[in-house]
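Happy to walk through this one with you.

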Amino acid sequence: MRNDIKEETWLTAAQCAKRIGLTVRALRLYEQTGLIHPRRTEKNWRLYGANEIARLNEILTLKRLGLRLHHIARLLAGQAADLDRMLSMQNLTLQEQLGRTQRSLAIVEALRAKVAAGGLLSIEELLKLAKDTNMTDTSSDTIAWRRYEQARPRTEQKIDLALYADYNGYYLLDTLAYVITLRDGRLFSRLTGQAELEIFPEDVDRFFYKAVQAQLTLTRNESGAVSGLVLHQNGYEQAAPRVEENVVTALEEALAKRIKDKRPVENSKALLQEIIDQHQRGEPDYEQMMPPLATAAREQSAMIQADLERMGPLKDMSFKGVTDCGWDVYDVCFEKGRLEWSFALAADGRFSGIFIRPSL
């Protein structure tokens, strides 16, 4: 059992079902599926303690995300209940729901104010209201259970070492490169501007990191040759096709020159000023962000807006340079303080990363 749950009370099947809002039959089904293992008394009565109740929380959370029981059983097989992982997933889901509710309330309040002032609602406004009312966004649920699955403990398995040569190569992950290197019978991966990390086999064509909660799946074409990889991290899956070495060399040489010359991306200052202005107004344009960043931005938007309100109006910003990963870095001066903002752009021009910290 993880997270040091205190074992203080034992409940009978009837008590457990009533307290949680289940049926005894459901408890039996979860037991038959191998998801829970209640303790037995000398008279063979089932008793449910903290471990079982923690696991029931996981089961119910995953069921709310639309997973079938056999999928849940496969996902949780051989794992102890992990409260931190479960609470993290629930937090993400609730934050998404809160964000959607706040956006809906903003639409409704704006329309109410217009009607109260004697205005007439346009067809476009009514269509927007109807679309928002009818919206059933399940993407956050998908992200949540993916994040949950990606965070589960991994076990290193033995695979044919001859396969390692198949994976050795170069892959293009949007504007960055993945380099997988076979060395002394071990595999290492390096993303542009980051440290090299060893990856460990979970199965044929499937690897995981021990240093971070992320996994790699190597994909093959119809002829069986490795043609790309998929990065699984933070609830998302990002594909990177295999490329020739010269593609990666050119990419990294161009980045090295931009770093040396301290040259920002085109229209860099205006892009940053606009994203700061959006957060100050509490209206971030999530369509300008890649999905993983948009998810993180929604979770943190209220906090960022509050911090910017304390800082006061924007006064000036000065370009500081480019990081090893290709992020533009700015010193941003507000009326009541300074912050360092850095950002990266995806190949399609959307923000792929934004980072804020106190100015050094």
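A polar contact here is a pair of N or O atoms within 3.5 Å; within protein, one must be able to donate a hydrogen and the other to accept it, and residues adjacent in sequence count only if both atoms are side-chain atoms. This is a predicted model, in which local features need pLDDT of at least 70 and side-chain atom pairs count only at pLDDT 80 or more, while totals for chains, interfaces and linings use all residues. Residues are numbered from 1 along each chain as its sequence is written, and side-chain values use heavy atoms, with hydrogens and water left out.

Q: Which backbone oxygen does the side chain of R154 reach, and at what distance?
A: R154 sits in the loop between α7 (139–150) and α8 (164–167); helices (H or I, at least four residues) and strands (E, at least two) are DSSP runs, numbered from the N terminus. Its side chain also makes a polar contact with the side chain of E202, at 3.2 Å. The backbone oxygen reached is that of Q150, at 3.4 Å.

Q: Is R154 buried or exposed?
A: Buried means under 20% relative accessible area, exposed over 50%, and partly exposed in between (1.4 Å probe, protein chains only). The relative accessibility of R154 is 17%, so R154 counts as buried.

Q: Which residues of helix α2 are buried?
A: An α-helix has 3.6 residues a turn, so residues three or four places apart point the same way. The face of α2 turned away from its buried side carries the exposed R25 and Q32. In α2 (residues 24–32), the buried residues are A26, L27, Y30 and E31. They lie on the same side of α2, because their arc around the axis (taken from the directions from the helix axis to the C-beta atoms) is only 140 degrees.

Q: What is the order of the strands in the open sheet?
A: Two strands pair if DSSP finds at least two bridges between them, and β2 pairs with β3 (residues 46–48) over two bridges in the antiparallel sense. The sheet is open, with three strands and antiparallel pairing, in the order β1-β3-β2. β1 (11–12) and β2 (39–40) each have a single partner strand, so they stand at the edges.

Q: Which residue in β3 is the bridge partner of R39?
A: β2 and β3 pair in the antiparallel sense. The bridge partner of R39 in β3 is L47.

Q: What separates the C-alpha atoms of L62 and Y148?
A: L62 belongs to helix α3 (residues 50–64), and its 0% relative accessibility means that L62 counts as buried. Y148 is 86 residues apart from L62 along the chain, and their C-alpha atoms are separated by 9.2 Å.
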